[in-house]
Structures are given as structure tokens and as C-alpha cells.
Amino acid sequence: MRLLVLVAGLLIWGTAVAIAAPDPVKITGDKFVIDDTKHVATFTGKVVVTRTKLNVWAAKVVVDYGEGGPSDIKSFVATGSVRIKTPDQDATGDRAIYDPNTQLLHLTGHVIVVNATGTVGSPALTVNLTTNSSTFTSTKGGRVTGVCTPKWARTRNPGSIRAAGWWHTASPR
């Protein structure tokens, strides 16, 4: 029963990452452990979270839940070569943390976001799902780098472009 409730909680996370109508979430990994004493559920080993219009890959996904059980989600943490892919963009980083209470998604460590209009690289990205805004930040002397392809260049040779929109949050256009 707790597994079904946890899957429902992961649906909430998937909704935050790619806002769309509710649909089933499939989670696979080499191992799944629930520790009710510590209120933690952990998927490890080539973890894949799949739902319509969203795929997440990571070495490990840890769900921290409250006294209400796995439906009382406090946070999701994905680590180890994290990749979040929607039909419109592809984001990678070392670690992703989602907090449903604040509606903030933090992607850190070698962040690269790619879509049809440009690419942005940064040490960190914060997506505010309430305000629909994204903030790329640098750390320790690093820099945020963005490359945009003008619309006229995309229409001239659309097959040659790979890029990311820093204004584009997790919701599909």
C-alpha cells in the first residue's frame, strides 16, 4: 500500500517538473527500500521515472516523507548524473531537489539546459514553479553561459540546432 502512495507522491513531483494532466508514473531501479522509521523511501541503481511527456534518469532517488506516510512528501532528491527530459527541453546536472511546499526545483552541478532556441550552462538552476521563473546562478567565480540561436537561423537550417531557453521553465509550451 505504501508503495502505491509513494508512486502517487512521485506523480506530484512529475507534475511539478512537467506540468500536464495527471497520468501514471512508472519507476524502475535495481533496488527499492522504504524505511518507515526514518520516513525515507530510496530507489537506487539506474533509476528511471517515466510519465507522459517526462523522463527522469538518476543513479539514486530519495523521497523524504512526513508523519502522514509516503503521501506526505517533504522532498525528492535525485543524484548521480541526473537527466530531466520533456518534449521541449533536456536538462542535466549532478543533483536535483524538489520541495513541494515551496514549489522550488533546484538542479545543481554542471547544469546544462537545451531546447530548440539555445543552450544554457551554469553551476546551479532554481525553477520556481509558482512564479514560472528560472534562475541560473554561478558559484566560486564560475559563470553562467547562454547561447541563443536567432529565429532566422533556426528556420534556415532547423536540423542543425541544439539549444536551451533560460526563460522556459518546466512547463511545456
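**Close-up views of a predicted model**

View 1. Lys-60 has its place in strand 4; helices (H or I, at least four residues) and strands (E, at least two) are DSSP runs, numbered from the N terminus. The model is predicted, so local features need pLDDT of at least 70 and side-chain atom pairs count only at pLDDT 80 or more, while totals for chains, interfaces and linings use all residues. Residues are numbered from 1 along each chain as its sequence is written, and side-chain values use heavy atoms, with hydrogens and water left out. With a relative accessibility of 36%, Lys-60 counts as partly exposed (buried means under 20% relative accessible area, exposed over 50%, partly exposed in between; 1.4 Å probe, protein chains only). Leaving aside residues up to four places away in sequence, Lys-60 touches Thr-42, Phe-43, Thr-44, Val-47, Val-77, Ala-78 and Thr-79; contact means heavy atoms within 4.5 Å. Gly-80 is 20 residues from Lys-60 in sequence, and their C-alpha atoms are 6.5 Å apart in space.

**View 2. The largest nonpolar core.** This core has 28 residues, of which Val-61, Val-82, Ala-96, Leu-107 and Leu-125 touch the most other members. A nonpolar core is a set of buried Ala, Val, Leu, Ile, Met, Phe, Trp, Tyr and Cys residues joined through side-chain atoms within 4.5 Å. At least two core residues come from each of strand 3 (40–51), strand 4 (54–65), strand 5 (73–85), strand 6 (89–99), strand 7 (104–115) and strand 8 (118–128). Strand 4 gives the most, six residues. Not counting residues up to four places away in sequence, Val-61 is in contact with Ala-41, Thr-42, Phe-43, Val-47, Val-77 and Ala-78.

**View 3. The aromatic pair of Phe-32 and Phe-43.** Two aromatic pairs are found in a search of the whole structure. Rings of Phe, Tyr and Trp (its six-membered ring) pair if their centres lie within 6.5 Å; planes under 30 degrees apart count as stacked, over 60 as edge-to-face and the rest as tilted. Phe-32 and Phe-43 form a stacked pair, 4.2 Å centre to centre with 25° between the planes. Phe-32 lies in strand 2 (residues 31–35) and Phe-43 in strand 3, so the pair ties together parts that are 11 residues apart in sequence. Phe-32 is partly exposed at 29% relative accessibility, whereas Phe-43 is buried, with a relative accessible area of 6%.

**View 4. The chain as a whole.** The protein chain has two helices and 10 strands. Buried residues make up 40% of its 173 residues.
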